[in-house]
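Hi,

Here is the structure I said I would pass on.

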Amino acid sequence: MLRGDESVPEVKDKVVKADSRNEIYNFLRNQILSLAIEPGEMLSENSLSSQMSVSRALVRDALARLIEEGYIVVYPQRGTVVTMIDPERIKQSVHTHIVLEQAVIEEICRQGLTPEQREALEQTLAKQKEITGDNEVLELLAADEHLRYLLSTFCGKEHIWDYFRTMDCDLMRVNYLQYSTFNFKVYMSSLTRWEHTQVEGRLLVDNIMRGDAEAASLICSNHFNTILWNMDTLQGIYPQFFSR
């Protein structure tokens with residue numbers, strides 16, 4: 001409870017620090033996701049603090065979150081290192097997504113969608129179309145993730161994303177490589193990788209709206225299995241990013 005004006009500056013200061021902490025975390029996470037900070041690269045708390053003109057405490061807090069989510073690891077006598085992309089962890093993450101998200105789809109198809117939920121899905125698909133896919137790969141990833149997160153909220157299962165957050169660092173990085181590497185037309189009539197994802201999203205939503213859980217679940221599994229199918233090719237193109 002605030003007592004007079006004396007507490008107001010302190011509260012505002014805490015809000016500013018919280019915002020800075022999130023900004024530092026988001027910046028570093030995006031740098032790692034986009035491979036601007038590469039797997040195996042050393043990170044220095046002092047250097048990051050100096051480069052970003054923020055306190056070491058704020059950098060330390062951001063690094064602690066990234067450690068929890070698997071993006072970095074601290075080795076005794078060696079320091080803080082960005083983790084290599086682990087194919088085995090990607091396989092486990094893909095399996096977990098398929099199992100849990102198919103369960104969400106089946107529940108939604110049983111209970112049906114409200115008019116408000118249908119409108120929210122349509123708005124999300126419309127926003128996806130605004131992204132060209134040429135340069136904003138991180139934005140593509142966020143839009144794709146938001147659609148599936150939205151579905152989980154419709155049946156009260158959004159808490160599964162706290163679990164995904166701690167296991168998806170390798171999946172997200174491979175997904176980034178997938179979009180940035182394969183986002184081109186093979187033939188004039190073909191789709192780019194992002195256009196293909198948009199079509200997948202449209203088909204997923206249409207089948208959920210019809211209550212066809214089997215078809216929607218198949219689209220879901222195909223979405224994640226495509227990442228596995230492309231992983232071997234990406235590992236051949238970028239061997240320096242993957243663990244052996």
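Let's start with Arg29, which is buried at a relative accessible area of 19% (buried means under 20% relative accessible area, exposed over 50%, and partly exposed in between, with a 1.4 Å probe and protein chains only). Before going on, the ground rules: this is a predicted model, where local features need pLDDT of at least 70 and side-chain atom pairs count only at pLDDT 80 or more, while totals for chains, interfaces and linings use all residues. Residues are numbered from 1 along each chain as its sequence is written, and side-chain values use heavy atoms, with hydrogens and water left out.

Arg29 sits in helix H1, residues 8–33. Helices (H or I, at least four residues) and strands (E, at least two) are DSSP runs, numbered from the N terminus. Not counting residues up to four places away in sequence, Arg29 touches Leu66, Glu69, Tyr71 and Met172, where contact means heavy atoms within 4.5 Å. Take Tyr71 from that list: Arg29 and Tyr71 are 42 residues apart in sequence, yet their C-alpha atoms are 7.7 Å apart in space.

Arg29 also turns up in the largest pocket, as one of the residues nearest its centre, together with Tyr25, Glu145, Trp161 and Arg165. That pocket holds about 270 Å³ of space and is lined by 14 residues. For the method: on a 1 Å grid over the protein atoms alone, a pocket is an open set of points with protein on both sides within 12 Å along at least five of seven lines, a cavity is a set of points where a 1.4 Å probe fits but cannot get out, and lining residues have an atom within 4 Å of a point. Grid points are joined across faces, edges and corners, and a volume is the space filled by probe spheres set on the points.

Which elements each supply at least two residues of the pocket lining? They are H1, helix H6 (137–154) and helix H7 (160–165), and H7 gives the largest share, four residues. By class, the pocket lining has six nonpolar, one polar and seven charged residues. Here Ala, Val, Leu, Ile, Met, Phe, Trp, Tyr, Cys and Pro count as nonpolar, Asp, Glu, Lys and Arg as charged, and the others, Gly among them, as polar.

**Cavities**

There are three cavities of 30 Å³ or more. The largest cavity comes to about 130 Å³. It has 15 lining residues, and Asp144, Leu147, Arg148, Leu204 and His223 are the closest to its centre. Helix H4 (87–111), H6, helix H9 (193–210) and helix H10 (213–237) each give two or more residues to that lining. Its classes split into seven nonpolar, four polar and four charged.

The second largest cavity has a volume of about 70 Å³. Its lining includes His97, Asp144, Glu145, Arg148, Trp161, Met172 and Asn175. H6, H8 and H10 each supply at least two lining residues, with H6 giving the most, four. The lining has six nonpolar, two polar and four charged residues.

Is Asn175 buried or exposed? Asn175 counts as buried, at 5% relative accessibility. Leaving aside neighbours within four places in sequence, its contacts are Leu141, Asp144 and Ile227.

**The sheet**

An open sheet of three strands runs in the order E1-E3-E2, with antiparallel pairing. Strands E1 (42–43) and E2 (72–75) are at the edges with a single partner strand each, so one side of each has no neighbour in the sheet. Two strands pair if DSSP finds at least two bridges between them. E1 and strand E3 (residues 79–82) have two bridges: Met42 stands opposite Val81, and Leu43 has Thr80 as its bridge partner. E2 and E3 are joined by four bridges, and Val73 stands opposite Val81. In the E2–E3 hairpin, with three residues between the strands, Gln77 takes a positive phi near 70°.

Cheers
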